[in-house]
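Student: I would like to go through this model term by term. Please set each value against its cut-off.

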Amino acid sequence: QQELTEGAVIGSVNLGTAFLNYNFTKNNNIQIKMALDSDENKIGKEIGGVPIFGVNELEEKLGDIQVAILTVPVSEADAITEKLVNAGVKGILNFTPVRITVPDDVRVHHIDLTVELQALVYFLKHYPLD
C-alpha cells in the first residue's frame, strides 16, 4: 500500500467545494484533510466530510499537509501562496490565473481551465474521433 499524501483545499467556493465533495481516496493515495476559507458562513462546518477552517488559521492548522489545491480569488493568490510556503507545503495545484512564484523546493502545477477547454475544442475540430 502506498503512503498517503495529505492535502488541503484553500478557498472552498465553487471549484473548491467540488474538490471537497470528490473523494480522492477512492482511487488515489491522496486525502484532503481540511479546507481553509474566508467565508464566515462556512468556517466551522464541513463539506464532503472535510472540516473548514478560517484562512487566517492557515499556518497553525496545516501541520503535516504537503499539498494544497489553490482556488482563491486572484487578489489573494500571492499572499496565500507565501503563507503556504511558510507553512511547509511542498506542492501547489494552482487553479488561479496568477502565475505564483515559489522557492525551488516547492512544485507548482498551474491549471488554466480556459486553456484546457480551448485545447479540447481544438482537438475535437482537428482530430475527430470518427
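Student: Why is T81 called buried?

Tutor: T81 has a relative accessible area of 2%. Buried means under 20%, exposed means over 50%, and partly exposed is in between, with a 1.4 Å probe and protein chains only. So T81 counts as buried. T81 sits in helix 3. Helices are DSSP runs of H or I with at least four residues, strands are E runs with at least two, and both are numbered from the N terminus.

Student: What kind of model is this, and how are residues numbered?

Tutor: This is a predicted model, in which local features need pLDDT of at least 70, side-chain atom pairs count only at pLDDT 80 or more, and totals for chains, interfaces and linings use all residues. Residues are numbered from 1 along each chain as its sequence is written, and side-chain values use heavy atoms, with hydrogens and water left out.

Student: Which residues does T81 touch?

Tutor: Leaving out residues up to four places away in sequence, T81 touches L70, I92, I100, T101 and V102. Contact means heavy atoms within 4.5 Å.

Student: Which residues of helix 3 are buried?

Tutor: A77, I80, T81 and L84 are buried in helix 3. G88 follows helix 3, with a positive phi near 95 degrees.

Student: E82 is in helix 3 too. Is E82 buried or exposed?

Tutor: Exposed. E82 has a relative accessible area of 53%, and the cut-off for exposed is over 50%.

Student: What makes E82 part of a negative patch?

Tutor: E82 gathers with E59, E60 and D78 in a patch of negative charge on the surface. Helix 2 (58-61) and helix 3 (74-86) each give two or more residues to this patch. Patch residues have over 30% relative accessible area and no salt bridge; like charges are joined within 9 Å, and nonpolar side chains (Val, Leu, Ile, Met, Phe, Trp, Tyr) within 5 Å. Asp and Glu count as negative, Lys and Arg as positive, while His and the chain ends are not counted. A charge is placed at NZ of Lys, CZ of Arg, CG of Asp or CD of Glu.

Student: Which residues form the nonpolar patch?

Tutor: L117, L120, V121 and L124 form it, with about 370 Å² of accessible area together. Areas come from the Shrake-Rupley method with a 1.4 Å probe, and for residues only the protein chains shown count as cover. V121 lies in helix 4 (residues 113-126). V121 has 36% relative accessibility, so V121 is partly exposed.

Student: How do you know that D105 and K90 form a salt bridge?

Tutor: Their side chains meet at 2.7 Å, N to O. A salt bridge needs a side-chain nitrogen of Lys or Arg within 4 Å of a carboxyl oxygen of Asp or Glu. The pair meets that cut-off. The structure holds 1 salt bridge.

Student: Why does the pair tie separate parts together?

Tutor: D105 lies in the loop between strand 6 (91-94) and strand 7 (107-110), and K90 in the loop between helix 3 and strand 6, so the pair ties together parts 15 residues apart in sequence. D105 is partly exposed at 47%. K90 is partly exposed at 42%.

Student: What makes V98 buried?

Tutor: V98 has a relative accessible area of 16%, and buried means under 20%. V98 is in the loop between strand 6 and strand 7. Not counting residues up to four places away in sequence, V98 touches V74, A77, D78 and H110.
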